[in-house]
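This briefing goes through one protein chain, from the overall fold down to selected residues. Please keep the sequence and the structure open while reading.

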Amino acid sequence: MPAVSARAQPTDDVAEVLLTADEIAAKVLELGARIAADYQSRDLVLVSVLKGALPFLADLMRATPIPLALDFLEVSSYGEGTETSGVVRILKDLAHPIEGRHVLVVEDILDTGHTLSYVFDHLRAQRPASLRLCVLLDKPARRVIPIEIDYRGFEIPDKFVVGYGLDYAERYRNLPFVGVLKPEVYARSS
Ligand code: PRP
């Protein structure tokens with residue numbers, strides 16, 4: 001087996017680091033403190049949308065020092081490419097009822113809004129006591145459907161970003177920072 005160091009690393013495909021791991025960590029602490037203050041003594045369920053939100057959820061819940069529960073939805077709106085298809089599918093539904101509970105949706109990125117619009121309609125139909133949104137990255141230039149953000153991490157420019165959960169063709173999710181992918185990477189595989 002070739003030595004790992006001799007092989008191309010995911011970081012080789014990144015043109016620019018947009019948010020460092022330290023910047024993300026500081027923002028997550030700030031968001032967690034706000035959420036803890038707002039949801040003290042409430043029956044809080046963090047509903048995370050897999051898979052991209054995983055690292056954000058894992059860090060955010062540890063920065064939120066109040067009792068809370070977790071549940072997961074898996075939806076897909078992107079194929080293998082860099083553009084959203086606008087078609088949202090539920091791949092995995094919630095495991096537990098949310099009626100009468102305070103639901104905070106935790107997402108990695110809000111882009112066109114197709115995914116979260118669909119997710120919010122789906123969750124609202126189950127009559128939670130409240131339904132709010134925490135999103136790490138907001139890319140407003142691409143918005144098609146308006147969505148209200150209750151807790152926003154960062155506003156980012158209209159560039160294709162990967163890392164800290166975000167993928168391109170299922171790769172780069174494990175980068176500890178958010179970076180801009182070199183255009184030749186997706187040109188190569190299209
Ligand atoms: C990404 C991201 C959001 C969605 C945002 O998910 O996690 O759910 O796209 O885009 P939109 O605002 O244009 O709908 P993706 O479908 O790539 O799945 P993943 O979380 O498994 O990466």
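Leaving aside its neighbours within four places in sequence, which residues is Thr64 in contact with? Thr64 is in contact with Gly32, Ile35 and Ala36. The model is a predicted one, and every value below is computed from it.

**Overall fold**

- The chain is built from four helices and nine strands.
- The C-alpha trace spans about 50 × 35 × 35 Å along its principal axes.
- Of contacts between residues at least 6 apart in sequence, 66% join residues at least 24 apart.

**Surface, burial and charge**

- Of the 190 residues, 47% count as buried.
- The accessible surface of the chain is about 9,600 Å², and 53% of this belongs to carbon and sulfur atoms.

**Thr64, in the loop between H2 and E3**

- Thr64 sits in the loop that runs from helix H2 (54–62) to strand E3 (69–78).
- Thr64 counts as buried because its relative accessible area is 4%, under the 20% cut-off.
- The side chain of Thr64 reaches the backbone oxygen of Leu60 at 2.7 Å.

- Most residues other than glycine have a negative phi, and most peptide bonds are trans.
- The peptide bond that joins Leu50 and Lys51 is cis, with omega at about -10°.
- Lys51 belongs to the loop between strand E2 (44–50) and H2.
- Tyr164, which is not a glycine, has a positive phi near 45°.
- Tyr172 is not a glycine either, and its phi is positive at about 75°.
- Tyr164 is found in the loop between strand E8 (161–162) and strand E9 (178–181), and Tyr172 also lies in the loop between E8 and E9.
- Tyr164 is buried, with a relative accessible area of 7%, and Tyr172 counts as buried at 3% relative accessibility.

**Strand E6: Ser130 and Leu136**

- Strand E6 covers residues 130–138 and holds Ser130; Leu136 is found in strand E6 too.
- Why does Ser130 count as buried? Its relative accessible area is 18%, and the cut-off for buried is under 20%.
- Leu136 counts as buried at 1% relative accessibility.
- Apart from residues up to four places away in sequence, Ser130 touches Arg101, His102 and Val103.
- Ser130 and His114 are 16 residues apart in sequence, and their C-alpha atoms are 21 Å apart in space.
- With residues up to four places away again not counted, Leu136 touches Phe56, Glu107, Asp108, Gly153, Phe154 and Tyr164.
- One of these partners, Tyr164, is a residue with a positive phi.
- Leu136 and Lys27 are separated by 109 residues in sequence but by 8.7 Å in space, C-alpha to C-alpha.

**Helix H4: Val185**

- Val185 has its place in helix H4, which covers residues 183–189.
- Is Val185 buried or exposed? Val185 is buried, with a relative accessible area of 4%.
- Beyond residues up to four places away in sequence, Val185 touches Asp13, Tyr168 and Tyr172.
- Among those partners is Tyr172, which lies in the loop between E8 and E9 and has a positive phi of about 75°.
- Val185 and Val14 are 171 residues apart in sequence, while their C-alpha atoms are 9.0 Å apart in space.

Technical notes:
Residues numbered from 1 in each chain as written. Predicted model: local features only at pLDDT ≥ 70, side-chain atom pairs only at ≥ 80, totals over all residues. Heavy atoms only, no water. Helix = DSSP H or I, 4+ residues; strand = E, 2+ residues; numbered from the N terminus. Buried < 20%, exposed > 50% of the residue type's maximum accessible area, 1.4 Å probe, protein only. Contact = heavy atoms within 4.5 Å. Areas by Shrake-Rupley, 256 points an atom, 1.4 Å probe, with all protein chains shown as cover. Polar contact = N/O pair within 3.5 Å; in protein donor to acceptor, adjacent residues only side chain to side chain.
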